[in-house]
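Biologist: Before we turn to particular sites, could you put the model on screen so that we can go through it together?

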Amino acid sequence: MDHFRRLGNSISIPIQADENGFTGRECPQPDCEGYFKIELGTGLKGEGLPCHCPYCGHTAGHDHFWTKEQIEYAKSVAMRKITAALHKDLKKLECDHKPKGAFGIGISMKVKPGRATPIHYYREKQLETEVVCVNCTLRYSVYGVFAFCPDCGAHNSLQILAKNLELVEKMLEMATATEKELAERLVENSLEDCVSAFDGFGRELCRVHARNATNPAKAGRTSFQNLEGAKSSLHDAFGIDLSAHVTADEWQSAVRGFQKRHLVAHKMGVVDQDYITKTGYFQAVVGRKIGIGADEVRGLVQIINKLAGHLSGDLEEVRKNL
Ligand SMILES: [Zn+2]
Ligand SMILES: [Zn+2]
């Protein structure tokens, strides 16, 4: 039984990376089972490092993150190897003993080739966002946008925000090189993108940290399209002050920027009483179009960067102090 014995008591089946160098992974948590991909060898170096689920943050050894399809494939390859080895061993035992004498019994055994075990081939799935972790340089890809890095566990919210704000700055640059009407539209759009990027960032951060909140439900509902509203929500949910790390002037101009975005998005950019009340900017005239300058949006990008960095740090502090 040499062939079978030579297989030993473990068979290792290599799992190939896809055409882009990614290997599929699946979270072992039953209520998550999130699918993602990583490029092996691009992140943290070392043996036996754990893997973090980018969606739920679950942490376990890499050998717990095989996808169901990879396991089916490996099982089928192993089964084929085992049956092939058994077949060869049995083949050696083939015999054909002719009956001897008048009353002898003839024994023969013929091993016929059986049908080989079919291999369960699979293809890795297409995902939506590719990220290179700024912390550990792992290349990974996920559904959606936000994620924990599978290697170092760092959340990519600040990285995604920075990328979106970079695009805003590029849009503002384009605005300086184009005709007036289009330039105005580009500046308006960049203001909207700025606010959406911060809103997406803030909501994700609140979702990730909700379990550390004194009021998790409130944390989960926090919107960041209105800065004063976000400030009061964060205070109630986490006991932190969103405006604490910027100057009063910076805060005022950020609040005004966000309110201008509201006018652009919902009122065709025309000033209403609500705008004047919320910004305290009494020079504005109801019924007139609000003016937005590229420099104003650039300034807002900087303040948002500051707010975001500190918000992320403050929420981390809350978590550590629990
Ligand atoms: Zn998970
Ligand atoms: Zn990382």
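**Aromatic pairs and the metal site**

Modeller: Y73 has a relative accessibility of 17%, so Y73 counts as buried; please keep in mind that this model is predicted.

Biologist: Is Y121 buried or exposed?

Modeller: The cut-off for the exposed class is a relative accessible area over 50%. Because the relative accessible area of Y121 is 69%, the class for Y121 is exposed.

Biologist: How are the planes of Y73 and Y121 arranged, stacked or tilted?

Modeller: A pair of aromatic rings is described by the distance of the centres and the angle of the planes. For Y73 and Y121 the centres are 6.2 Å apart and the planes stand at 45 degrees, so the arrangement is tilted.

Biologist: How many residues apart in sequence are the parts that Y73 and Y121 tie together?

Modeller: Y73 belongs to helix α2 (residues 68–92), whereas Y121 belongs to the loop between β6 (107–109) and β7. The pair therefore ties together parts whose separation in sequence is 48 residues.

Biologist: What is the geometry at the site of the zinc ion (ligand 2)?

Modeller: The zinc ion (ligand 2) is coordinated at 2.3 Å by the SG atoms of C133, C136, C149 and C152. Four donors count as tetrahedral if all angles lie between 85 and 135 degrees. Since the angles among the 4 donor atoms here are 102 to 115 degrees, the site of the zinc ion (ligand 2) is tetrahedral.

Biologist: Which spacing do these donors follow along the chain?

Modeller: C136 lies in the loop between β7 (129–132) and β8 (139–142), and C149 in the loop between β8 and α3 (157–176), 13 residues apart. Along the chain, the donors of the zinc ion (ligand 2) follow the spacing C-x2-C-x12-C-x2-C.

Technical notes: Residues numbered from 1 in each chain as written. Chains lettered and ligands numbered in written order. Predicted model: local features only at pLDDT ≥ 70, side-chain atom pairs only at ≥ 80, totals over all residues. Heavy atoms only, no water. Donors = N, O, S within 2.8 Å, 3.2 Å for Na, K, Ca; no water. Tetrahedral: all angles 85-135°; square planar, octahedral: opposite > 155°, others 65-115°. Helix = DSSP H or I, 4+ residues; strand = E, 2+ residues; numbered from the N terminus. Phe/Tyr/Trp six-rings, centres within 6.5 Å; stacked < 30°, edge-to-face > 60°. Buried < 20%, exposed > 50% of the residue type's maximum accessible area, 1.4 Å probe, protein only.
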